[in-house]
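Keep the structure open while reading.

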Number of protein chains: 2
Amino acid sequence: MTTTNPSQPVLVDGQWITEDTSGVFSSKDPSTLEAIPLSFPVSSWSTCDRVLEAAHRAFQISRNLEPAKIAAFLEDYATRIHEDREELVAIAHRETALPKSPRLMDVELPRTVNQLKVAAQAVRDQSWQMPVIDRKANIRSCYIPLGPVAVFGPNNFPFAFNGISGGDFAAAIAAGNPVIAKANSSHPATSQRFGQLVAKSMQATGMPSGLVQLIYRTSHEDGERLVADPRLGAVGYTGARGAGLQLKAVADRVGKPFYAELSSVNPVVILPGALDQRGDSLVDEYVTSGLMGAGQFCTNPGLLLMVQGPKTDAFIQGVVSKYTQTPAGTLLSESVEKSLVKSLSVLTDAGAQCLTGGSKLLGSRCAVANTVLRITGGQFLKDPHVFQTEAFGNAVLIAVCDSVEQIVRVIESLEGNLTGCIYSDTQGSDDGHYPQVADALQHRVGRLLNDKMPTGVAVSPAMNHGGPYPATSHPGFTAVGIPASMLRFAKLTCYDAVRQSRLPSVLRDTNPTGKTYRCIDGVWTLD
Amino acid sequence: MTTTNPSQPVLVDGQWITEDTSGVFSSKDPSTLEAIPLSFPVSSWSTCDRVLEAAHRAFQISRNLEPAKIAAFLEDYATRIHEDREELVAIAHRETALPKSPRLMDVELPRTVNQLKVAAQAVRDQSWQMPVIDRKANIRSCYIPLGPVAVFGPNNFPFAFNGISGGDFAAAIAAGNPVIAKANSSHPATSQRFGQLVAKSMQATGMPSGLVQLIYRTSHEDGERLVADPRLGAVGYTGARGAGLQLKAVADRVGKPFYAELSSVNPVVILPGALDQRGDSLVDEYVTSGLMGAGQFCTNPGLLLMVQGPKTDAFIQGVVSKYTQTPAGTLLSESVEKSLVKSLSVLTDAGAQCLTGGSKLLGSRCAVANTVLRITGGQFLKDPHVFQTEAFGNAVLIAVCDSVEQIVRVIESLEGNLTGCIYSDTQGSDDGHYPQVADALQHRVGRLLNDKMPTGVAVSPAMNHGGPYPATSHPGFTAVGIPASMLRFAKLTCYDAVRQSRLPSVLRDTNPTGKTYRCIDGVWTLD
């Protein structure tokens, strides 16, 4: 539009605005390191301010919208994403190098569409508001929207966790809040494509123009200012721990809910009986999960705990062979590659033995050799902080312990994690050990699995994609699993002696939909 | 026990331990300013460390206790409190000057006993764990205990919010966590009496010895170290904003849940029609609520918003007359008195007109004259931060606005509050104004009331004693209302493909009690 400033426009209050900005950036194709010829703006504070103002105005409307209207918007958007899938997948594949199949086209895109539809259903039935009615006292409570939500999406799910299309987006919108999406810098063009679709959906379904807005990047200073701004109600952040903690500190200072998913090594315990019973198949299972998506999952099984025994070395040799033979996947960006190499250095400098891999691959793509590191349980216990360094990508640390008791001590030295897995003999030989291992592990993870790898996070109302700090910033909430994930972006509100006609529809004497679960005088009912 | 150190013992791991401490303090009878002849210790870090270690060990046991055993402990303790009521009331009356009746004996003590019994019932039926079961995916989630909870109780409820007997205590224990109670410095002897009762209950019902511990005071440095310690799972804090925010900052840095209730001015809006309809009775209602307990309630209606009109000055004159004629209550401590005088200075320095009261009463008790301050809505809007200064005690600020629209702008300038009240004409003349006032107010308060004063916080499952920052530190939780208040001290935990026999009882196929509400495949049921 202008000759001095060829950057792509941002989506502000329903309009695509070309910014007069000093800074621009571009994404690269990680499989070739060629720049993708689109310049995206580093937005100025003046743009952030306009975005906040529009979101604030939109919230005055969105918090009182009919549930059916919000649901219609989410469904319209889901349909547009599905219809645009060829283009979305092509752009995302170029920006992330994630495979089209199996992954972007057949797994992540359908999941994204499904999440939006499930969210729409949750809006329609309104049970997510958890209405509680005490008829005798005439006190009634439910969750209501919290305010505009800034969503910072991660690099590793360009669709399913994108700030403008993913889980946090769906949860925030479904709860009645505007979203300010901050695109991940590694896939701005993918985010832009979503922005084009969402703008059409907003218009088609009569949403307030500031309901969904999109910016690509800000200075650190402006990012912090945006998080602290009183017009913003909450933040959803998935990404690197350092940047996340900086923003969290800002939010904490002003008492603002900040839901962060930061890092996790996802310990997997293989008990001796399981190894004895089915060591070979466990090698396959573990390697498949560990190398899936070049290991770039928040639930990647990055720390394996096992006991030294007759079959332990053979198991490890099996994993090493497969890690050595399998071609290394392309990483999402140079930044991921650099960070992985750095983490591997930290681990080897601390004494981890590198069994295979350990360094960047030569050539013009982002890639590190598939890596297996080994330490003893004793080493881990001497330096648990360092040996919990997340090596985000295709690398695993195996800690071989003296005994199951030592495994328990290792678990007790762990920070919070998203997941923890325990493999045990199906015939019962591990049953004596299981309780103490599980008791220690379940208090340090959001999700405990039996005989199952942690990658794959089902969209189920019973899912918890969360966990104690620093896996996430609050152990009581999940980022996946509707309707529970919506409660992050809602406030509990009580209505005391408020007249019937003035109550939110879910709190009136009559069930508003016939399908809204409410707890009335201690009884959960559809009445 | 020792001649050099005559301080009272602390309750550590089931034992009353006399500390070798350098610092001691005593409480005073606020009605005479005479010191109560008992010295309580400022605990050293070494004591804090022992307490944390004992709590940590107790948690290994408490998290796996049968619900019936925890319930029996809570019920035993409730019974002992009831039986000891004469002594408890006598001690608390002396330390706080709160009336025996109506208040300590007939209101607060029964409430405290009732809270413990309601908590016991919640433990027994286990619905508080919010079990969610997805049978097809075999994914199941529920809340489980979080870890030892430090409870810092406030000065104004020596029973019902005491760290060793009150709402946070009941919620934390009921959820399966040990409690480290930090007595409020203004009523250590009351807390000690509870400690004696709880120690007997723990022993009688076979609880782990570190389940409930009691310390009286620490240095600021040790208090922060205790909050940051990894053996501590969460904190419940009710009290002054400054001290609370300092501890919150420490907890935030280590990602620990910190539930604080900090301050609130509890705006009350009287719409013109209500004033016209029943101005005289509103004077009575307002004054009764405002002066109850010498105004020392977190829900004290400290900010009154009304429109200048024909009956406004008469209403205010009515309030002023009653505030002037009613004897000023005794405040809880010299510190409350000092803080109230300071807040009144802040408000008058900013331009508030003092209609009655405004200064400390002469004489040897803690008391400030009942105070009414007046400003205009315009003044408020020029300096909303200062005019939201909480004047904790028997003082009220009345902001007379030009119009209901100006009231809405004042509300929009408010920080988070625990409560907000709207009085309107019962014949409908205010109905045009109500929606915009309520819409603005409900997003800034935890509890919205109609034609009812905010003092009085019923123990109802639908109650929300919470609110946006800085009323509390998280808008999604309540400190009153079992079972909801228990969720603050629990973590969401998901069990993915975990074998039946290894699941928590609430997640197995069979309902463990026949009375546990569970959401199975989207249906809330007792099946």
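Predicted model: local features only at pLDDT ≥ 70, side-chain atom pairs only at ≥ 80, totals over all residues.

Q: Asn266(B) lies in the loop between which two strands of chain B?
A: Residues are numbered from 1 along each chain as its sequence is written, and chains are lettered from A and ligands numbered from 1 in the order in which they are written. Strands (E, at least two residues) and helices (H or I, at least four) are DSSP runs, numbered from the N terminus. Asn266(B) sits in the loop between β14 (258–261) and β15 (267–270).

Q: What is the phi of Asn266(B)?
A: Asn266(B) is not a glycine.

Q: Which element holds Pro102(A), which a cis peptide bond joins to Ser101(A)?
A: The omega of the Ser101(A)–Pro102(A) bond is about -5 degrees. Pro102(A) belongs to a helix of chain A, namely α4.

Q: How are α3(A) and α4(A) oriented to each other?
A: Helix α3 (residues 85–96) and helix α4 (residues 100–125) of chain A have axes that come within 11 Å and cross at roughly 130 degrees. Axes are lines fitted to C-alpha atoms, for helices over the stretch in contact, and angles run from 0 to 180 degrees between N-to-C directions. Angles under 35 degrees count as roughly parallel, over 145 as roughly antiparallel, 65 to 115 as roughly perpendicular and the rest as oblique. Therefore α3(A) and α4(A) are oblique.

Q: How do the residues of the contact of α3(A) with α4(A) divide?
A: Contact requires C-beta atoms, placed from the backbone, within 7 Å. Residues that make it include Leu88(A) and Val89(A) of α3(A) and Leu104(A) and Met105(A) of α4(A). Ala, Val, Leu, Ile, Met, Phe, Trp, Tyr, Cys and Pro count as nonpolar, Asp, Glu, Lys and Arg as charged, and the others, Gly among them, as polar. The division is six nonpolar, one polar and two charged.

Q: How are α9(B) and α10(B) oriented to each other?
A: Helix α9 (residues 272–291) and helix α10 (residues 312–325) of chain B pack with axes 9 Å apart. Their angle is about 20 degrees. That makes α9(B) and α10(B) roughly parallel.

Q: How many residues of the contact of α9(B) with α10(B) are nonpolar?
A: Tyr286(B) of α9(B) and Phe315(B) of α10(B) are among the residues in this contact. Three of the contact residues are polar and two charged. The nonpolar ones number nine.

Q: Which element supplies the largest share of the side of chain B that touches chain A?
A: In total, 53 residues of chain B are in contact with 53 of chain A. On the chain B side, β7 (132–134), β8 (139–145), α15 (434–442), β21 (445–450) and β22 (490–496) each supply at least two residues. The side divides into 29 nonpolar, 14 polar and 10 charged. The largest share, seven residues, comes from β22(B).

Q: Which residue of β22(B) stands opposite Arg447(A)?
A: Strand β21 (residues 445–450) of chain A runs parallel to β22(B), joined by three bridges. Strands pair if DSSP finds at least two bridges between them. Opposite Arg447(A) stands Cys494(B).

Q: What is the bridge partner of Ile520(A) in β24(A)?
A: Strand β23 (residues 518–520) of chain A and β24(A) pair in the antiparallel sense over three bridges. The partner of Ile520(A) is Val523(A).

Key
Contact = placed C-beta atoms within 7 Å.
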